[in-house]
Amino acid sequence: MNPDTVERSGVDKEILASLKLKAELKLLPIVLRAVRDVACRYGLDKASVRDLELATEEACHNVIEHAYEPGEEGYYQVKIHREPTCFRITVRDQGMPFNLQRLNEDETSDIGVKLMRACTDEIRSRYLGKRGKVVELVKNFSFESVEDLNVPTVQPSAVKMAPASEKVILRLMRPDETVSLARLIYRVYGYTYPHEDIYYPEKFASLLESGLVTSCVAVNEQDEIVGHLGVFLETPEDHVGESALAAVDPRYRGRGLFPKMKKMMMEEMAAKGILGLYSRAVTVHMASQKSNVKMGSKETGFILGHSPPTAIFKKMKTETASIRRTVALFYVPVVPDQEQTVFLPCKHQEIIRKIYNHTGLSRVIKKADPENMNLAPHSHIHSHVLPEMASAFLRVKVFGVDFIDELKLQIRDLKLRGTELIVLDLPLKDPNTAILFPEIENMKFFFGGIMPEYLDGDSIRLQYLHNVAFDPESVDVYSEFARDIFDYVVDEWKKQNLE
């Protein structure tokens, strides 16, 4: 694994400071002063700065005291990152291995671990093989939720349709409009929307300012947001964005706002150099699938058990269903498609060819030669974990000689953290995907579909369900082609459960 793999989980970060120090206690104040000064200067409140400083002190002290033998000259590295929604400190050393698992245990008697947990919002740890180990400390910015802001809301039962003569215009959203957006989301979804960030206006504003989110809004004559559609990038280098968070105020439905917003965002993202948009349509009904098809999007796969059935917020009503919801994957190019070469796993060549024909994407399919397998010294697996959804999304950027072992470690760690769904994307332009595919499937991953242009080229998307109940009868599928893909994915899921 690349030494920075863990440090790059989630969105890419701005590294504000990087220090390499000899593992001596007398140098520790230099680290703590840097953390304190940098965090203060970049917007973390005083209480959070103090928490982060205490957690960093404990993590570094562990390295200084336990990573190296008496008299052994050792060093460790501390990096300070700022993300749109949090600060992240990484502490890495190449000293003696010790039990990192204690950082992830629910119950611990270790006072130092308890202190780090109390002072942070998340702790992550990882072994890096010959490159040692790393511990991550995360402290979120203090954002008020829409509940805390006492924003007046309109109850659905009180909704009256807006006059047909009232004008509604489309434009890009400004970061200072996130409270108005939160009100719209409440009108449409209540507190049931799965992505928690939308209920924290300042947090969502940070994502807009970072460029990871671009939003189209429909506004009425009072400049109130009555429609929204966002495009989300996971990293600044992404070539495709996710079209998500579609909402139209009940008072303004029937005006065709969604297709108008989708068209505007396709044009906007093309101007930004994005190649296409993908979306995840719910399958508890067919309406969103139908809308995607009407807008020219094509089905490329299904993720079983994608979304948890229960609520995130305490005010949400718990559903009677106990199974996670399935989503259909859609893709639409926003610029003319360019031909590219792909190496397909033998087992799934037929279904992938059908998907390519359905989407109209031009691909040259070649056979991978196992005799010419070329692996890098270390793997690079990008990780994006969503604890509120008990889900993790992994992207393979570089295949290394340690790939299988590294993937096994990631799966084990994610399962220990209660992750129920692991999605894995493998680059189809890399012949190593086809060569290593049988070993990957032997780890209980099964086919989910393809994601065009997702990894500097197309990816094959696999999924891993951990202790998740699934009922195919709970899924509604809109088109005949989608039914073919869904049946194929379900068959693959059944095979994995029988083995």
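## Strand 9 and its two partners

Let's start with a pair of strands in this predicted model. Strand 8 (residues 225–232) and strand 9 run antiparallel, and 5 bridges join them. To see one of these pairings up close, find V231: its bridge partner in strand 9 is S243.

Now turn to strand 10 (residues 276–282). Strand 9 pairs with strand 10 as well, this time in the parallel sense, over 3 bridges. Here you can look for G241, which stands opposite L277 in strand 10. How does the chain get from strand 9 to strand 10? The path goes through helix 6 (residues 257–271), making a β-α-β crossover that is right-handed.

## Buried or exposed?

Is strand 9 (residues 240–248) mostly covered or mostly open? Mostly covered: of its 9 residues, 8 are buried. As a general point to keep in mind while you look, side chains in a regular strand alternate between the two faces of the sheet.

The largest nonpolar core has 64 residues, and the members that touch the most others are F403, L407, L424, L426, I440 and F445. Helix 11 (residues 480–498) is the top contributor to this core, giving 7 residues.

Setting aside neighbours within four places in sequence, L407 is in contact with I381, L394, L424, I440, M443 and F445.

Terms used: Residues are numbered from 1 along each chain as its sequence is written. This is a predicted model: local features need pLDDT of at least 70, side-chain atom pairs count only at pLDDT 80 or more; totals for chains, interfaces and linings use all residues. Side-chain values use heavy atoms; hydrogens and water are left out. A nonpolar core is a set of buried Ala, Val, Leu, Ile, Met, Phe, Trp, Tyr and Cys residues joined through side-chain atoms within 4.5 Å. Buried means under 20% relative accessible area, exposed over 50%, partly exposed in between (1.4 Å probe, protein chains only). Helices (H or I, at least four residues) and strands (E, at least two) are DSSP runs, numbered from the N terminus. Contact means heavy atoms within 4.5 Å. Two strands pair if DSSP finds at least two bridges between them. A crossover is right-handed if, with the strands pointing away from the viewer, the path from the first strand over the helix to the second runs clockwise.
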